[in-house]
Amino acid sequence: MNRLARFAGFGRRKQEPDAQDGDTAVLHEEEVEVTVERMDPEELREPIIASLRGVHDPEIPVNIYDLGLIYRIDIAGNGDVSVDMTLTAPGCPVAGMMPLMVKSAVERVEGVGQVSVQLVWDPPWSADNMSDEARLQLGLM
């Protein structure tokens with residue numbers, strides 16, 4: 001069960017008062033113990049990468065992961081994710097919206113908690129960062 005379900009009170013039952021008692025003003029809450037399954041943070045890595053492959057640089061017809069724009073994906077034990085990414089050039093016109101697109105893509109993965117995306121410039125991006133699939137798609141192989 002995810003954290004939102006626990007906070008929303010999933011697993012608690014409100015019981016209606018017994019009509020024979022005539023006490024209709026008080027509702028009693030019964031706590032039900034719920035087992036929360038822990039997920040290994042590394043199990044989230046592949047779904048996160050798959051989601052990132054759905055994000056494309058509008059100027060280049062290749063996804064940002066295969067372009068090599070994602071430098072680091074750290075996944076905490078509680079599901080929080082931190083991503084370091086770069087852009088092909090500091091003057092990229094989508095510099096303001098690309099980190100938001102990345103954050104949104106990672107947040108859609110089930111089991112992910114808080115997401116932070118940092119735009120970094122060191123080391124600078126180069127075509128050497130691209131996957132073979134990206135190079136082939138762009139005709140560089």
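Hi everyone, let's start at a turn: in the hairpin of strand 3 and strand 4, 5 residues lie between the strands, and one of them, Gly79, takes a positive phi near 95°. Helices here (H or I, at least four residues) and strands (E, at least two) are DSSP runs, numbered from the N terminus.

A quick word on where this comes from. This is a predicted model, in which local features need pLDDT of at least 70 and side-chain atom pairs count only at pLDDT 80 or more, while totals for chains, interfaces and linings use all residues. Residues are numbered from 1 along each chain as its sequence is written, and side-chain values use heavy atoms, with hydrogens and water left out.

Now the overview. The protein chain has 5 helices and 5 strands, and from the N terminus they run α-β-β-α-α-β-β-α-β-α. Of its 141 residues, 31% are buried, meaning under 20% relative accessible area, with exposed being over 50% and partly exposed in between (1.4 Å probe, protein chains only).

Asp74, for instance, has Ser82 in strand 4 as its bridge partner. On the other pairing, strand 4 and strand 5 run parallel, joined by 5 bridges. There, Val83 stands opposite Val117 of strand 5.

So how covered is strand 4? Mostly: 5 of its 5 residues are buried. Val81, Val83 and Met85 point one way, Ser82 and Asp84 the other. In general, side chains in a regular strand alternate between the two faces of the sheet.

Next, please look at helix 2, residues 42–52. Its buried residues are Leu44, Ile48, Ile49, Ser51 and Leu52. The face turned away carries the exposed residues Glu46 and Ala50. The buried residues of helix 2 pack against helix 3, strand 3, strand 4 and helix 4.

Finally, the core. The largest nonpolar core has 29 residues, and Ile48, Leu52 and Val106 have the most contacts inside it. Such a core is a set of buried Ala, Val, Leu, Ile, Met, Phe, Trp, Tyr and Cys residues joined through side-chain atoms within 4.5 Å. Beyond its neighbours within four places in sequence, Ile48 is in contact (heavy atoms within 4.5 Å) with residues including Ile73, Val81 and Val106.

Key. Two strands pair if DSSP finds at least two bridges between them.
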